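Biologist: Before we discuss the details, could you show me the sequence together with the structure? I would like to go through selected contacts one by one.

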Amino acid sequence: MTDLTPMLPAPEPRPAEPDSQTPTASLAGLTPKARRQRLDRLAELAAVHAEEKGRSLWAEAFRRLRRNPAAVAGTVVLLLFVLVALIGPLFVPYDPTSTAWADQVKEGQNIIPGPSAQHWFGLDHNGRDEFSRVIVGARQTLLVGVVATALGLIVGCLLGGLAGSAYGLGGRAGRRIDNVVMRVIDMLLAMPSLLLAVSIAALLGPSLTTVMIAIGVISVPVFARLLRGSMLAQANSEYVTAATALGVRRWRIALVHVLPNSLGPVLVQATLTLATAIIEAAALSFLGLGNPDPAVPEWGVMLTDALTRLEVAPRLTIYPAVGIIITAFGFTLLGEALREALDPKLRR
Amino acid sequence: MTAETLVELKDLQVHFPILRGVLVDRVVGHVKAVDGVSLSIPRGSTYGLVGESGCGKTTLGRALLRLVEPTGGTAVFDGVDLTALGSNAMRTMRRRLQMIFQDPLSSLDPRQNIESILTEGLATHGIGADRAARRALVGETLDAVGLPRWALSRYPHEFSGGQRQRIGIARALVLSPDLIVADEPVSALDVSIQAQVLNLLATLQADRGLTYLVIAHDLAVVRHICDTVGVMYLGALVEQAPSAELYTRPLHPYTRALLSAVPVPDPDVEDRRERILLTGDLPSPANPPSGCRFRTRCPWARERCAQERPELRTLAAGHTVACHFAEELE
Amino acid sequence: MALLEVEDLGVTFRGDREVRAVDGVSFTVDAGEVTGLVGESGCGKSVTSLALIGLLPKQNTRRVRVDGRALFDGLDLLRADTRTLRDIRGREIAMIFQDPLSSLNPVVPIGVQVAEVLVRHRGVSKAEAQRRAAQLLDRVGIPDPNRRLKEYPHQLSGGMRQRALIAMAVACRPRLLIADEPTTALDVTIQAQILELLKELVREDGTAMIMITHDLGVVAGLCDRVNVLYAGRVVESAARRPLFAEPVHPYTIGLLNSIPRLDAGQGARLTPIRGSVRDVLPWSQGCAFAPRCDRAVEECLAGPPEITGDPHSFRCVNPGVGVDLEEVR
């Protein structure tokens, strides 16, 4: 019998022990073919442990995301949306603000021309090309969603991160800082979000910026609470104790260890907030708090205008509404898939 | 004792306040997790701390490293009282005091690769002139713990339990510390892997003259690697003796019960042995029994045990026991 | 005839890739006998027991495939319909899990949970069930049972919870008790109490028991027959004494040599098994243990080794000679 021990894969090598005697390999007695076969098989076995690069958790999450049909569908929807928003305006058939066909609209007689070969989606109540307006409106909608969410995310993460690291690592003084920050957040949270938005809009006057700030502000407490909670949980984990035991400085622990491990839920929330931000922007525009210039197309404003003419031309509500729904749906799909991909329970 | 003492704990206490209150916290009591423990560890030796969950052994280990703040007593390490150090001085001191954790996965940051984990301590303490010097040191340490070099670019979740524990050991080792506190270093590992890690710890001690404080619930593990063993019950030491002595001649009733409860993989031993079955559960450390803390579960408890708390008494060379009737029970 | 006869039990999980967690496990359990399933994490011991009583997550879906036979008193558990299984579980076959806290409903008092089993399977009245529940708690060594009946799981200590769980398991005097690492989460002194209790219950009721554990010490004190599992297969099976006195499979020998023992010489170097449980070979290619085995020879890679020998059977082409217990001491 030939001893195979030394050839077998030992990815976890024995600690160097003085008493371990490694028997010498002996492949000599075999025919070349048998030898090759055996080596192939063992190579196959060892392949799992070969020199492939390690995959970080983000990379693993991305891999899971790629294999999730919901994530792929969501991403495709969003890419289309972004594409339309970015380059759509360059290709629209008409100027979205041009009222060149106003003479065809006779509101007194309840006539708003519907889809035709010339105007795919028909005209709106001011005689503008509806198709061009929907396409160009995507850009405004995307802008509102992204800017508002980014605002909420940045401010929320700053506050939540401050509170979280202070409470988790700062001892008694840290708990006091956390207490102050969180009470402010609680006050924000206690206010009905739409009311808050309305008051901000009232303060700054109706404009697109108002809508963005208003929506950003109402999502601040959500992000702040989420990040703080997540950081507190991480601050109690063993690897933080381990870093402390190594002598790593506390601010470094907060930034390098706690924060990156706490960001998962916040990212998921951000995608979901993007979806709601678009809907809320529509709602605020609907209430007349958005851009007062009706010439610039935005889905929420279009929806508002269309609603008063629901009986005459219901299709005018459908175009922007479907746009909003599909976009929000795309973000939600991606958000849920991201949540699944980052779920620690799925990690092996 | 001729050997130089590296660690000397004197009456170390960790009392956690129990807080109640809606707006303002009020202290309504204390959990006496560690309630006056004194022990000393000679350089180059291994001290084992055993006891069941809730006995305060983990808290004691962390209090020594000031990962939880001691509320009383002193912890002298190589002539320096750690409890009196300011936070910066303590941080510098941490290079010499390292720790190995029970759960190798949760004690490694999942988003750091192995290289980053191992170099973090070096960077913190400014060891190694440049990146290359640190890399060399890290590589050397990997060899010492028996991990391949390609591990460097990998992440903790890509390793098996035993390998992760080796990473944890390497992280402590790379700083070339004097003392390593090992908190349940093998209890999360598979049986066949435990021996690998125990052997590794022994090899490293022999090569580098490390001093260990091993905290474990498994008496067989402790006996295997420790020179001196201390048995803890409800925040206090009840018995301390050289390892061989403690296992052949346990004097405290709790130690005896513990030893008799450990299953031995030998049917003959199992069939013959008489178990000292303890009744009841561990009392709450917030409200420990009067007198001897073990008396509520002790089969030999008498009246005196309820009134007078037994002090640690030396009954043989290096063998101390906190029991009024240790001689009679023998 | 044996009470439970498991033949060629296989469990395959189909996720991203197929994982054969249990790969043809066969063993028998006689009435009144304690059978041990021993192995390390991932050897398939828990999956085996869950498959037997139809409690694998997603069992009977396309994600999980269970094959083989498990005759319990003539009834094939693996083919029984859900209703039959539900009737059998708790009445004929009861299970004790590792973590007593998560196995108990946190918002229902202990007494109600114990009584529920009796009402469900024995059809007794609620008052009668409560009375019997108190008796059961008393029997498993819970002091002051009438007061404890009204308490919630979080008010009990770990040991007490495990006792309550055992009370629920033995409430209907089942013929087979499956204990999955019942003492792993407990302290040694509490573990000793629980093992003693289990021993007593088995002796008094004549209940058969399957003891699933990683701790060879527990096995040595409790089991009549021991099956050592590795990578989803039984690699060695023998009565308790021969297994410990003359282990044959290199894995069993390796395990025995690698654990620090209370009764062994101090400071002696342990002989670990190298590698980790991850380094397995698929059984179809040869012996799964070969990559970690010091006795591996060419034949080990020639194909799946058969299990041979009776009553001391093993799955190895180059068996070891056993450990010399005298030398270990």
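Biologist: Which residues does Glu115(B) touch, not counting residues up to four places away in sequence?

Modeller: This is a predicted model, in which local features need pLDDT of at least 70 and side-chain atom pairs count only at pLDDT 80 or more, while totals for chains, interfaces and linings use all residues. Residues are numbered from 1 along each chain as its sequence is written, chains are lettered from A and ligands numbered from 1 in the order in which they are written, and side-chain values use heavy atoms, with hydrogens and water left out. Taking contact as heavy atoms within 4.5 Å, and leaving out residues up to four places away in sequence, Glu115(B) touches Arg131(B), Arg135(B) and Leu152(B).

Biologist: With which residue does the side chain of Glu115(B) meet in a salt bridge, and which parts does the pair tie together?

Modeller: A salt bridge here is a side-chain nitrogen of Lys or Arg within 4 Å of a carboxyl oxygen of Asp or Glu, and the partner of Glu115(B) is Arg131(B), at 4.0 Å from N to O. Because Glu115(B) lies in helix α3 of chain B and Arg131(B) in helix α4 (residues 131-145) of chain B, the pair ties together parts that are 16 residues apart in sequence; helices are DSSP runs of H or I with at least four residues, strands are runs of E with at least two, and both are numbered from the N terminus. The answer is therefore Arg131(B), joining α3 and α4 of chain B.

Biologist: Is Glu115(B) buried or exposed, and is Arg131(B) buried or exposed?

Modeller: Buried means under 20% relative accessible area, exposed over 50% and partly exposed in between, with a 1.4 Å probe and protein chains only. At 17%, Glu115(B) is buried, whereas Arg131(B), at 63%, is exposed.

Biologist: How many residues does the contact take from chain B and from chain C, and what area do these chains bury between them?

Modeller: The contact takes 46 residues from chain B and 48 residues from chain C. Buried area is the accessible area (1.4 Å probe) that two parts lose on being put together, summed over both. Of the area between chain B and chain C, 55% is on carbon and sulfur atoms, and the value is about 4000 Å².

Biologist: Which three residues supply more than any other three of the area that chain B buries against chain C?

Modeller: Together these three residues account for 17% of the area that chain B buries against chain C. They are Val191(B), His224(B) and Pro265(B).

Biologist: Which residue of chain B forms a salt bridge with Glu196(C)?

Modeller: The count between chain B and chain C is five salt bridges. In the one formed by Glu196(C), the closest N and O atoms are 3.9 Å apart. The partner's side chain also meets that of Glu270(B) in a salt bridge (3.3 Å, N to O), and the residue is Arg275(B).

Biologist: Which residues touch the most other members of the largest nonpolar core?

Modeller: A nonpolar core is a set of buried Ala, Val, Leu, Ile, Met, Phe, Trp, Tyr and Cys residues joined through side-chain atoms within 4.5 Å. The largest one holds 83 residues, and its largest share, seven residues, comes from helix α6 (residues 191-208) of chain B. The residues asked for are Ile169(B), Leu219(B), Tyr247(B), Tyr254(B) and Leu262(C).
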